[in-house]
Amino acid sequence: MTNETLTNLVRDMATGAIRVVDLSVPLDENTQVIGLPEEFEQSPGFKLERISQYDDKGPAWYWNKISCGEHTGTHFDAPGHWVTGKDYNDGYTDTIAPEKLIAAANVIDVSKESAEDADYVLTADKVKAWEAEHGAIEAGTWVLMRTDWSKRTGADFLNIDENGSHCPGPSPDCIEYLVKERDVLGFGVETVGTDAGQGFHFDPPLPAHTLMHGNNKLGLASLTNLDQLPPKGAVIVTPPLKIVNGSGSPLRVIALAP
Ligand code: MN
């Protein structure tokens, strides 16, 4: 059987007609991770320890031990990450169908709004206005919220004050719309988690976790370079590590863009 689609794809990638864009942040001990209220157990950041590097411990080879929480740096949220999604047999890093790990992306640019208001909330009405301009969001596709938050460095990234973190995110009615009316694959963001910094005050709290995962949908956090993608037309490749019963994992997210 011949199919020219794949041949054309690699040819177009070689000529640059299709761009390959890395949507992942570097992973080292400075990679920022989410902090929870102090009564909860915290997730450790990334740690690298050398096993050997062409030395007495291994004269011709270099390798390291790595450790971190599953939700570190650019990472994947599986449905089983949340209590509302715990009963999906295909909702863990080793059981998610591989067909779900390559999909089209809709990129909603709210970078201007997010620059003006760190607590900016993406609503269903804003999504509908975006669709009126760019076309409807198809079932089985990603919605990526571009905030340019990945351009922030240091303390400005988590943006914490005495009331907690202040970062943009989706409203409950936004997630409700994307799940019920659009049957999306998942929701991805540039911030440390898929919900707004103040999202625990929403009803329901943390809708991108509660409602997305409750409907067997996926999440992507700490993405970067969303400013290099068109509103529609990009495809993203998002396989997490195949951790048995994993709730998520750091990953390399690669976009193919026209
Ligand atoms: Mn996560």
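Which elements do the buried residues of α6 pack against? I looked this up in a predicted model, where local features need pLDDT of at least 70, side-chain atom pairs count only at pLDDT 80 or more, and totals for chains, interfaces and linings use all residues. Residues are numbered from 1 along each chain as its sequence is written, and side-chain values use heavy atoms, with hydrogens and water left out.

**Helix α6.** I found that the buried residues of α6 pack against β4 (75-77), β10 (169-170), α5 (172-181), β11 (186-189) and β12 (218-221). I took contact as heavy atoms within 4.5 Å. Helices (H or I, at least four residues) and strands (E, at least two) are DSSP runs, numbered from the N terminus. Buried means under 20% relative accessible area, exposed over 50%, partly exposed in between (1.4 Å probe, protein chains only). Just after α6, I noted a positive phi of about 60 degrees at asparagine 216.

**Helix α3.** In α3 (residues 124-134) I list Ala124, Val127, Trp130 and Glu131 as buried. Seen down the helix axis, these fall within an arc of 115 degrees, so they line one face of α3. The arc is that of the directions from the helix axis to the C-beta atoms. Asp125, Ala132 and Glu133 are exposed on the other side. For packing partners of the buried residues of α3 I have β5 (102-109), β6 (121-122) and α5.

**Manganese ion.** I find His71 (ND1), His75 (NE2) and Asp77 (OD) coordinating the manganese ion at 2.2 to 2.3 Å. Donors are N, O and S atoms within 2.8 Å of the metal (3.2 Å for Na, K and Ca); water is not among the atoms, so sites may look incomplete. Histidine 71 and aspartate 77 are buried.
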